[in-house]
Amino acid sequence: MANNRRKTSRAKKEETNWQERVIQIRRVSKVVKGGKKLSFRAIVVVGNERGQVGVGVGKASDVIGAVKKGVADGKKHLVDIPITKSNSIPHPTDGIGGGAKVIMRPAAPGTGVIAGGAVRTVLELAGVRNILAKQLGSNNPLNNARAAMNALSVLRNFKEVAEDRDVSIEKLYAQ
């Protein structure tokens, strides 16, 4: 019996280490036969600040319900990213989401997160502490967040690249 209690408390602790931030709440309407039906759309970023992050969208007739749905959607679309010892990304990367384009470059320790809007939120909740990022094209928060997720999803560390090329990590550094 005591063993079961320990398992459930551990599961609860794992749930609590997720942080969520609302990027945007927008009131949207749908025209129906009787008039306009109002609802809310929430864009939420969920992350554990240890290399996992997700962006979710939720729609409901009230704000709280929309945020809850957004958090659930964000947890379904989690991406694992490699983070270096200097709390940066391993290599430069670009991402596209809709009309938005995001460019990310690794930065030296002490630089901080130099990014704007939704991209900054995504990077902070992913656990990246030193990075240079620029969003181009669109200033739509949803598209910028998705472009940031696209850029982070293509990141690879040295071990993965060495395995793909069938060479040792030492040879990879020597080249």
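Student: Which residues does Ala118 touch, leaving aside residues up to four places away in sequence?

Tutor: The model is a predicted one. Contact here requires heavy atoms within 4.5 Å. With residues up to four places away in sequence set aside, the residues that Ala118 touches are Ile23, Pro141, Asn144 and Ala145.

Student: Is Ala118 buried or exposed?

Tutor: Ala118 belongs to helix 3. A residue is termed buried under 20% relative accessible area. The relative accessibility of Ala118 is 5%, so Ala118 counts as buried.

Student: Why is helix 3 described as largely enclosed by the rest of the structure?

Tutor: Helix 3 spans residues 117-126. Its buried residues include Val119, Val122, Leu123 and Leu125, and also Thr121 and Glu124.

Student: In which sense do strand 1 and strand 2 pair, and over how many bridges?

Tutor: Strand 1 covers residues 19-32 and strand 2 covers residues 35-47. A hairpin of two residues connects them. Within the pair, Ile25 faces Ala42 of strand 2. The sense is antiparallel, and the number of bridges is 13.

Student: How far apart in space are Ala118 and Arg41?

Tutor: In sequence, Ala118 and Arg41 are separated by 77 residues. From C-alpha to C-alpha, their separation in space is 16 Å.

How values were computed: Residues are numbered from 1 along each chain as its sequence is written. This is a predicted model: local features need pLDDT of at least 70, side-chain atom pairs count only at pLDDT 80 or more; totals for chains, interfaces and linings use all residues. Side-chain values use heavy atoms; hydrogens and water are left out. Buried means under 20% relative accessible area, exposed over 50%, partly exposed in between (1.4 Å probe, protein chains only). Helices (H or I, at least four residues) and strands (E, at least two) are DSSP runs, numbered from the N terminus. Two strands pair if DSSP finds at least two bridges between them.
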